[in-house]
Amino acid sequence: MNILITGGAGFIGSHTADALLQKGHNVKILDILKKPVHMKGFPEYLDESKIEFIFGDVTDKPTMTYALRNVDVVYHLAAYQDYLPDYSSFSLINVASTSLIYEIIEENNFPVKKVILASSQAVMGEGKYHNQEGKVLFPSLRSFMQLSNAQWDFIDPVTKLPLIMDVSDESVINPMNPYAMSKYQQEMLAINLGNRINVPSVAMRFSIVQGSRQSFYNAYSGACRIFSLSYFLKKQPTLYEDGNSIRDFVNIHDVVDALVLVMEKEEANGQVYNVGGGNPYTVLEFAKAVAEVFGSDLSPNIPNEYRFGDTRHIFSDISKLKSIGWQPKRTIYDSIKEYKQYLEQQTDIKDILEYSEKHMRTLGVIRRIKK
Ligand SMILES: NC(=O)c1ccc[n+]([C@@H]2O[C@H](COP(=O)([O-])OP(=O)(O)OC[C@H]3O[C@@H](n4cnc5c(N)ncnc54)[C@H](O)[C@@H]3O)[C@@H](O)[C@H]2O)c1
């Protein structure tokens with residue numbers, strides 16, 4: 001089949017391209033090689049002799065029309081992401097590009113058979129909880145006041161006891177920031193426009209994806225990058241809050257398996273799927289796993305800081321995706337080992353950790369608790 005991957009020069013897109021090429025498909029990539037993700041330009045892991053590369057913007061109609069010609073399947077992975085204050089860009093890029101795909105397919109009568117969209121666990125916000133009496137609750141962002149008093153957990157306003165985290169399935173929708181809101185709009189557009197113009201579409205809500213080729217310069221790209229760089233540079237990694245936030249890490253190759261599976265399975269059409277790791281970890285547990293892989297006995301630094309906007313805990317229910325034959329097969333150790341190998345192949349990385357930390361402080365995301 002002829003497959004277009006928007007954002008195919010990035011982390012998830014390039015691994016998806018590799019898997020599709022291996023299965024004998026023709027792959028076209030549309031990517032604008034955005035900074036800071038691609039600080040060094042065209043990535044060395046893409047082989048231009050095996051793919052068709054189109055340099056361009058997913059919001060540009062002529063470019064997208066050109067890219068969508070003679071395509072059977074579209075993976076729409078390009079997105080505006082990160083901790084960024086230009087809120088309008090999330091809609092202007094993520095939402096507009098998704099509508100544009102269906103607009104172009106319909107206008108040109110292109111015979112696209114399926115669109116697969118990258119959504120995010122962020123759509124579920126703080127996720128699902130229950131109180132001591134079993135009442136289900138979907139809490140909102142924690143306030144500055146709460147966080148500056150180092151009160152990390154959600155407290156039931158009635159019983160004053162801590163809320164208990166539940167696993168969140170696809171019915172949980174509570175986006176808390178412009179990125180998450182744009183991802184939910186993308187899901188709605190894909191499923192509804194797909195139904196309307198008869199282009200089966202699938203939305204994949206990824207948890208935190210980990211493995212090689214994750215950008216070093218993207219401040220939001222997560223714990224694996226930050227902790228690995230810290231241990232690589234023999235520095236203590238910094239953990240926010242108390243280190244006990246629960247996270248959901250999924251290996252890149254499990255994500256690629258899921259992306260290929262929903263392309264092949266008709267029963268996936270019109271569905272939204274969580275794509276998570278299947279095992280919850282606290283940030284501290286994850287940092288310890290990174291230390292183990294790097295052979296370091298440095299324990300993490302927990303300096304009474306927090307990042308405003310971080311979720312306290314979130315963990316995805318993956319039973320829906322499992323019911324169509326997917327299973328996460330790799331562990332966090334597999335992800336960390338692969339990332340370590342990738343890191344060791346790089347040059348000029350001494351400045352990277354400082355770059356991302358400085359970026360976060362400039363944006364005012366990292367804050368200290370009141371003494
Ligand atoms: N990595 C994760 O943990 C994670 C988690 C949840 C959701 N997602 C989603 O998965 C998708 C892929 O993420 P990733 O981690 O591979 O990110 P990435 O930054 O590595 O890749 C994204 C690619 O999109 C390209 N791009 C950005 N804006 C573009 C534009 N306007 N036109 C054309 N290309 C553009 C970038 O150059 C980059 O190559 C995104 O939609 C993201 O929101 C990722």
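Entry 1: I note that the model is predicted: local features need pLDDT of at least 70, side-chain atom pairs count only at pLDDT 80 or more, and totals for chains, interfaces and linings use all residues. Residues are numbered from 1 along each chain as its sequence is written. Helices (H or I, at least four residues) and strands (E, at least two) are DSSP runs, numbered from the N terminus.

H1 and H7 (residues 252–264) pack at an angle of about 60°, and their axes are 9 Å apart. Axes are lines fitted to C-alpha atoms, for helices over the stretch in contact, and angles run from 0 to 180 degrees between N-to-C directions. The two helices are therefore oblique to each other; angles under 35 degrees count as roughly parallel, over 145 as roughly antiparallel, 65 to 115 as roughly perpendicular and the rest as oblique.

I then listed the contact: Ile12, His15, Thr16 and Ala19 in H1 meet Ile252, Val255, Val256, Leu259 and Val260 in H7. Contact requires C-beta atoms, placed from the backbone, within 7 Å. The residues of this contact divide into 7 nonpolar, 2 polar and no charged. Here Ala, Val, Leu, Ile, Met, Phe, Trp, Tyr, Cys and Pro count as nonpolar, Asp, Glu, Lys and Arg as charged, and the others, Gly among them, as polar.

**Entry 2: the sheet.** I traced 3 strands in an open sheet, ordered E7-E6-E8, with antiparallel pairing. E7 (136–137) and E8 (164–165) stand at the edges with a single partner strand each, so one side of each is left without a neighbour in the sheet. E6 (residues 129–130) pairs with E8 over 2 bridges; strands pair if DSSP finds at least two bridges between them. Tyr129 stands opposite Met165 in E8.

**Entry 3: the ligand.** I counted 28 residues around the ligand, and the closest are Gly7, Gly10, Phe11, Ala79 and Ala118. A residue is near if its C-beta atom, placed from the backbone, lies within 6 Å. H1 (11–22), E5 (114–120) and E10 (208–210) each give two or more residues to this shell. H1 gives the most, with 3 residues. By class, I recorded 16 nonpolar, 9 polar and 3 charged residues in the shell.

Technical notes. Two residues are in contact if their C-beta atoms, placed from the backbone, lie within 7 Å.
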